[in-house]
Amino acid sequence: MIYKKFKEIDENYYEKSLKSGLRVILIPRSSYNKKYAVLSVNVGSVDLKLKDNNNIIYGFPPGTAHFMEHILFENREGSIIDDFSQLGSSVNAYTSFNNTNYYFNATDNFYKSLKCLFSFVLNPHFDQNKIEHEKSVIKQEINMYEDSPSWQSFHQLLQGLYYEYPIKYNIAGTSQSVDQINQEILQDFFNKYYNLDNMNLIVIGDINHEKLFDWLTDKFSDFGSEHIDFQKIYPEEPNGVRIKKNEIAMSISRPIITLGFKENRCFNDQRKIVRQDMLSNMVLEMIFGKSNDNYHSLYDKNLIDENFTFNFLQEKNTGFVKIYGETSHINQSINSIVDIINNWHRKINKDDFEIVKHKYIGRYFRSLNSLEALSSQVIKYLNLGQNYFDLINIIENISLNDIIDQYNKLLLDQEQVEVIIRKISK
Amino acid sequence: MLKTSKFYQYKTDNEIDLYINYNSKFKTNYIHLDIIRPLSDEAEVSKNALIPYILYRGSKEYPTNQAISRRLDQLYGADLNVSVARRGENQILRFSIEIINDRYHYGSENLKQAAVDFLYELIFNPLIVEGEFKKAHINKGQDFLKEKILAMKNDKNNYVMERCYQEMCRGERFSLYPLGTLRGLKKANCDNLYYYYQQVLEKSPIEIFAVGDIKSRKDFFQYINKKYVYKRNKLLPLNNTVIKTGGFQFKEKEEEDRINQTKLSAGIRIPVTRSHPLYFALIVYNGILGGFSHSKLFTEVREERGLAYYINTRLESTKGLILINAGIDMLDYQIVKNIITKNLKEMSQGQFDDDSIRWTKQKLINRYKNLSDNNHSIVDAFLLGLINGKQDSLNYVINSIAEVKKDEIIEVAKQAKLTTYFLLKPGSVQHDL
């Protein structure tokens, strides 16, 4: 068992890898009523291909991971959701690019709920009727997303940035790819990915670590170390962007522009990836933060509004910048934003840097309040082989030179993707 | 054991209410100020809505939005929120700031006090030029609000809910969009807005909430009492909601838009609000009908029939309304309508089993317990109690829910009247605001 105390942020951290292969993380929060647990499977929407130890290659249609997330709730007579409702707990799940997360929150009945969680995630039954039923639900889900302008701008941006990497597919897939999914595909997918040594359990709340680890060891005492050997295969992603300019039209109140930059450098040292994530976000904050001139010069000319956002999203094998704005002056806005980026190195200011650092420290502490938000950060950093509670040290050790270095590589004179969502007129 | 902390109530010499919730479990301190206005008419609602967005452009000490932002960033990226909300027939101008707990930074500044000072500066010390808000700030505020009103239709689900409220409450003040209208906004600065704002500050109830590591409540109160000085008198009531109990006409409205999925809202009147003896039965009723994933509507529409990805209910407990919301295929509209009608009827005939009552109660209790783990939710829930003149402790709420009887739920169900359907369906014509 690993135990760490993070004094600076008042947090404790327990981690244990069980004989069954499951890794368990506990963050105790004695002052909370809520007890939150998430079983995070290391498979997400990008994991569409794998090679097993007999060199057999398996391919899955886009949307399979998300379909699995849905169908596991349907895996026997009677409703899984009702099992939790009986205990007063709430269960749900979500699929991201790299993970499928099944979670519940409870106040009483924590261990009974935990038992239910493992029971439905680990014991599938892929019934053809239920598969067909779930297809129609998922198609409605896809329809719902397609009507959302912010979702569309994100989706179109990924289409523009990536040639091959499966992050370009909608997490839920398409109506067509969902139609391809059947019992056999689901069974193969489950057999490969849904093993305890491919999962993390994260628990946050007023839970005793010894009791938790004993309970889990006992529960999985019959499980050997069930290690399934396989290798995830990702297509080679060329440098550069696929579609420089991508336009669609929707029924919206004013046009939306989205700009993207791609970061394809990968490091073997995962600490560097975490730093790259932080550096990229901080450089964007220095360029476009509300504290400095650039934001206000754009705002005052009506080239952006309060909905302007910018961030860097670090994923396991890639990362990208997303800049989002709403404006009636499409071209002028895009040109000005790109200009600001390419001229920023002429006006770097040490004071701005200190302020941005302050801001990130504050933001970090705020992120520790909500158990849901904290758990998703913990999972993100686990994927990168890091502990989220170490992040405060990483932020504190960043220097202005690190930021400038990242700016030169990621943004200065780099190729960008432009997505424009125009307004449908009558 | 329930871990909760209560609000301690104070009143300043100028009749500003302060509610302190001492709570060391959060990493931040949260300070929230609400100015409560009656939701009155188009012109006034628009004027009220504009004010926060003018104040946000600059104050005397921080004369530009950039200066405001810089100050917030210095305060470790303190999170400022300025918004306008509707609770019942009340319009609420909201200002809040969340700042890291002083024990997590190395600087010498008292951040909690800095946050209190900052909110005071923003709200009570605006930038005034020749007796009026700075012209450029009024214009920016108007531009911003105009876009925000127009943007209502970008989020289709939200748009459908708002339109359903408008149709079902036509002629009642609840139908006013809390951000006002374009017409109202155009006229908003015909009179002197600053003069108007001074009256708002003089006559409106002002409620401050502080959740966080506030060990010495008395000192904190004294600090606010000395700082928040403003001459006030003849305060307006906290709640201005009128509950309509009859004379409803069934309405079905639809609009078309360039969308993939049909979105519907069904509006239900239910004359049971927070101070009503059946209030807790109403909460359970809403939960059994559509509040959860084990609820009747979700079970039948999604789990059994696969007709939707989402179908849920939303309760407005100050005005006595429930909306049923769903995203469906247009071809299934009649089927879904029939299912809704059937389920409402079943509720009033007591056709729901003891399991669903028990589960709903447990989930509600779970939700109320969780509420005290979120500093924003604590304030939201407490404010609703204040407005409705019913500040129940969490323990009382939990016990009351546990005690709700099936008969009481049926009694609530019998009073529920489905009055309105609003539908947004795929097509070519655009809707107008």
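Colleague: Leaving aside neighbours within four places in sequence, which residues is Tyr76(B) in contact with?
Modeller: This is a predicted model, and that holds for every answer here. Tyr76(B) lies in the loop between H2 and strand E4 (79-87) of chain B. With those neighbours set aside, its contacts come from both chains: His358(A), Lys359(A), Ile361(A), Gly362(A), Arg363(A), Ile100(B), His105(B), Tyr106(B), Gly107(B) and Leu111(B).

Colleague: Is Tyr76(B) buried or exposed?
Modeller: The cut-off for buried is under 20% relative accessible area. Tyr76(B) has a relative accessible area of 8%, so the residue is buried.

Colleague: What is the phi of Tyr76(B)?
Modeller: Tyr76(B) is not a glycine, yet its phi is positive. The value is about 55 degrees.

Colleague: How many residues of the contact of H12(A) with H2(B) are charged?
Modeller: H12(A) contributes Asp351(A), Asp352(A), Ile355(A), His358(A) and Lys359(A), while H2(B) contributes Arg70(B), Asp73(B) and Gln74(B). By class, one is nonpolar and two are polar, and the number of charged residues is five.

Colleague: How are H9(A) and H15(A) oriented to each other?
Modeller: Both helices belong to chain A, H9 with residues 270-288 and H15 with residues 400-410. The axes come within 9 Å and cross at roughly 90 degrees. The two helices are therefore roughly perpendicular.

Colleague: How many nonpolar residues does the contact of H9(A) with H15(A) have?
Modeller: On the H9(A) side the contact includes Leu279(A), Met282(A), Val283(A), Met286(A) and Ile287(A). On the H15(A) side it includes Leu400(A), Ile403(A), Tyr407(A) and Leu410(A). Three polar and two charged residues also take part, and the nonpolar count is nine.

Colleague: Which residues make the contact of H4(A) with H10(B)?
Modeller: Helix H4 (residues 128-146) of chain A and helix H10 (residues 296-304) of chain B pack at about 110 degrees, with their axes 9 Å apart. That makes H4(A) roughly perpendicular to H10(B). The contact is made by His133(A), Glu134(A) and Val137(A) on one side, and on the other by Arg302(B), Glu303(B) and Glu304(B).

Colleague: How many of those contact residues of H4(A) and H10(B) are charged?
Modeller: The contact of H4(A) with H10(B) has one nonpolar and one polar residue. The charged residues number four.

Colleague: How many aromatic pairs does the structure hold, and of what kind is the pair of Phe6(A) and Tyr13(A)?
Modeller: Over all chains there are 57 aromatic pairs. In one of them, Phe6(A) and Tyr13(A) are 6.5 Å apart centre to centre, with 85 degrees between the planes. Both Phe6(A) and Tyr13(A) are buried. The pair is edge-to-face.

Colleague: How many residues apart in sequence are the parts tied together by Phe124(B) and Tyr230(B)?
Modeller: Phe124(B) and Tyr230(B) form a tilted pair, 5.7 Å centre to centre with 50 degrees between the planes. Both Phe124(B) and Tyr230(B) are buried. Phe124(B) lies in helix H3 (residues 111-124) of chain B and Tyr230(B) in the loop between helix H8 (217-227) and strand E9 (251-257), so the pair ties together parts whose separation in sequence is 106 residues.

Colleague: Which residue lies over the face of Tyr8(B)?
Modeller: A charge counts as over a ring within 6 Å of the ring centre and within 35 degrees of the ring normal. Over Tyr8(B), at 3.5 Å from the ring centre, lies Arg217(B).

Colleague: Is Asn302(A) buried or partly exposed?
Modeller: Asn302(A) is found in the loop between helix H10 (293-300) and strand E13 (309-314) of chain A. Asn302(A) has a positive phi of about 60 degrees, although it is not a glycine. At 35% relative accessibility, Asn302(A) counts as partly exposed.

Definitions and conventions:
Residues numbered from 1 in each chain as written. Chains lettered and ligands numbered in written order. Predicted model: local features only at pLDDT ≥ 70, side-chain atom pairs only at ≥ 80, totals over all residues. Heavy atoms only, no water. Phe/Tyr/Trp six-rings, centres within 6.5 Å; stacked < 30°, edge-to-face > 60°. Buried < 20%, exposed > 50% of the residue type's maximum accessible area, 1.4 Å probe, protein only. Helix = DSSP H or I, 4+ residues; strand = E, 2+ residues; numbered from the N terminus. Contact = heavy atoms within 4.5 Å. Nonpolar A, V, L, I, M, F, W, Y, C, P; charged D, E, K, R; others polar. Axes fitted to C-alpha atoms, helices over the stretch in contact; angles between N-to-C directions. Parallel < 35°, antiparallel > 145°, perpendicular 65-115°, else oblique.
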